[in-house]
Amino acid sequence: MASPEKDEPPYAERYAVPEATARLVDLTLGSGRRVVAAGTTVVRALETAAAGGLVTASEGWTTHVVTPATGVRAVTGLITGLHEPRSSHLMMLTAIAGERPLRAAYEAALRERYLWHEFGDAHLILRT
């Protein structure tokens with residue numbers, strides 16, 4: 001999910017969620033287990049495919065933006081890099097983790113001099 005500058009929406013992205021993936025996500029969530037996405041593009045694809053509540057097989061282009069206001073339905077965690085303040089990426093992370101836990105994680109990352117974005121460190125974000 002690329003966001004060219006802070007406060008700008010992400011670009012539209014091509015995505016595909018196959019039937020087998022949709023079924024596994026729904027079964028996993030239905031059994032109370034976690035669905036952890038590898039990257040923001042995966043979150044965006046699954047959330048687009050979950051527009052009706054359950055994840056359904058779909059493909060195309062998405063302009064969906066995951067924010068705290070829209071929330072998440074299909075993922076309970078995310079592995080991603082550290083993203084810039086006021087970016088659409090950071091809004092997505094906040095939607096998953098919540099503002100307080102995410103702020104604490106970012107403060108720790110700054111103290112420890114973690115690297116940012118594409119060439120930086122990755123972290124696991126879980127919904128509590």
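Mentor: Let's begin with α3: nine of its 10 residues are buried, so this helix is largely enclosed by the rest of the structure. Buried means under 20% relative accessible area, exposed means over 50%, and partly exposed is in between, using a 1.4 Å probe and protein chains only. Helices (H or I, at least four residues) and strands (E, at least two) are DSSP runs, numbered from the N terminus.

Trainee: Before we go on, what kind of model is this?
Mentor: This is a predicted model, where local features need pLDDT of at least 70, side-chain atom pairs count only at pLDDT 80 or more, and totals for chains, interfaces and linings use all residues. Residues are numbered from 1 along each chain as its sequence is written, and side-chain values use heavy atoms, with hydrogens and water left out.

Trainee: Thanks! Which residues of α3 are buried?
Mentor: They are S88, H89, L90, M92, L93, T94, A95, I96 and A97.

Trainee: And what covers them?
Mentor: The cover includes α2, β4 (77-81), α4 (99-111) and β5 (122-126).

Trainee: You mentioned α2. How do α2 and α3 cross?
Mentor: Their axes come within 11 Å and cross at roughly 65 degrees. That makes α2 roughly perpendicular to α3. The axes are lines fitted to C-alpha atoms, for helices over the stretch in contact, and angles run from 0 to 180 degrees between N-to-C directions. Angles under 35 degrees count as roughly parallel, over 145 as roughly antiparallel, 65 to 115 as roughly perpendicular, and the rest as oblique.

Trainee: Which residues meet there?
Mentor: From α2 you have T40, V43 and R44, and they meet H89, M92 and I96 in α3. Contact here means heavy atoms within 4.5 Å.

Trainee: OK, and at what angle do α3 and α4 pack?
Mentor: The angle is about 120 degrees, and the axes are 7 Å apart. α3 and α4 are therefore oblique to each other. On the α3 side the contact is made by L90, L93, T94 and A97, and on the α4 side by E99, P101, L102 and Y106.

Trainee: Let's switch to α1. How many residues does it have?
Mentor: Helix α1 (residues 19-30) has 12 residues. From its first C-alpha to its last it reaches 16 Å, close to the 16 Å expected at 1.5 Å a residue. The expected span is 1.5 Å times one less than the number of residues.

Trainee: Which of its residues are buried?
Mentor: A22, V25 and T28 are buried. They cover an arc of only 135 degrees around the axis, which puts them on the same side of α1. That arc is taken from the directions from the helix axis to the C-beta atoms.

Trainee: Now a loop. Where is T76?
Mentor: T76 is in the loop between β3 (58-62) and β4. At 7% relative accessibility, T76 counts as buried. Leaving out residues up to four places away in sequence, T76 touches L29, R34, V35, I96, I125, L126 and R127.

Trainee: And R113, is it buried or exposed?
Mentor: R113 counts as exposed, at 71% relative accessibility. You'll find R113 in the loop between α4 and β5. Its phi is near 65 degrees, a positive value in a residue other than glycine.

Trainee: One more: what does G60 touch?
Mentor: Not counting residues up to four places away in sequence, G60 touches E13, R14 and Y15. G60 lies in strand β3, and at 13% relative accessibility it counts as buried. G60 and T48 are 12 residues apart in sequence, and their C-alpha atoms are 9.9 Å apart in space.
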